[in-house]
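Dear colleague,

Here is the structure that I promised to hand over. Please have the sequence and the model open side by side while you read the notes below.

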Amino acid sequence: MPAAPPTLEWERELAAQGYQVVAGADEVGRGALAGPVSVGIVIIEAGSAAELPGVKDSKLLPGPARVALVPAIAAWARASAVGHAQAHEIDALGIVGALRLAGTRALAAAAAGLTPDFVILDGNHNWLAEPEQLDLFATGPLAPLPPWRIQTRIKADMTCLTVAAASVLAKVERDAIMANLAVDFPAFGWDANMGYGTATHKAAIAQLGPTDHHRKSWRLL
């Protein structure tokens, strides 16, 4: 039996609690061996937004359907953006730091149009907040708190429409980046594997060595 589509149920609950402007956030590319990690942000006015048919977690949609949804999501959202952290930034910061960097870039771009009161983050780990904001025992000066509250929600990409929409935007934009990179690096098959560790991709790394778009701090083979 297919899963029920995501809805605005929780976003509307948040609006009833006083969080009128709600953002959904999701990441793509965390487990890839090459290419950026990308974070999508979709911001709505939760009390008045209508449901958006056809949107699901990006993993449940075929590529053409995801691409076709992008204009509808952009028109439906009050603001949206995708941020990226490149392979060398992942090597320098680690994957959690790189997720935070990509998410911060996406939020800064989207919030320039409309600042959210609340951010729904897919998963159970708040990688978007600065670590010192989560440390109750920090003794040094704290980074300024953002103007929004962040809350994680497991499987939010399956249940919350804003998060599902954010996952679609992030997936489409990252896939396009990998397809463009594949033109210059055809042996790695990035237009098909999107930088993930398929047997063909790993065989090309073993034969040719990593590129500057590979996460060289990772165990690539």
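I begin with K155, which counts as exposed because its relative accessibility is 55%, where exposed means over 50% relative accessible area, buried means under 20%, and partly exposed lies in between (1.4 Å probe, protein chains only). K155 sits in the loop between β5 (149–153) and α5 (156–159), and although K155 is not a glycine, it has a positive phi of about 60°. M194 likewise is not a glycine and has a positive phi, of about 55°, but M194 is buried, with a relative accessible area of 12%; its place is the loop between α7 (190–193) and α8 (199–208).

Before going further, please note that this is a predicted model, in which local features need pLDDT of at least 70 and side-chain atom pairs count only at pLDDT 80 or more, while totals for chains, interfaces and linings use all residues. Residues are numbered from 1 along each chain as its sequence is written, and side-chain values use heavy atoms, with hydrogens and water left out.

As for the fold, the protein has eight helices and five strands, in the order α-β-β-α-β-α-β-α-β-α-α-α-α along the sequence; helices (H or I, at least four residues) and strands (E, at least two) are DSSP runs, numbered from the N terminus. Of the 221 residues, 48% count as buried.

Turning to the interior, a nonpolar core here is a set of buried Ala, Val, Leu, Ile, Met, Phe, Trp, Tyr and Cys residues joined through side-chain atoms within 4.5 Å. The largest such core holds 31 residues, of which V42, I44, V55, I73, W76 and I120 touch the most other members. At least two residues of this core come from each of α1 (9–16), β1 (21–28), β2 (37–45), α2 (63–76), β4 (118–122) and α6 (161–184), and α6 gives the most, with nine residues. A second, separate core of 26 residues includes V39, A85, A102 and W148. In soluble globular proteins, nonpolar side chains tend to be buried together.

What does V55 touch, not counting residues up to four places away in sequence? Its partners are P6, L69, I73, L161, A164 and A165, where contact means heavy atoms within 4.5 Å. Across the protein, 75% of the contacts with a separation of 6 or more are between residues 24 or more positions apart.

With best regards
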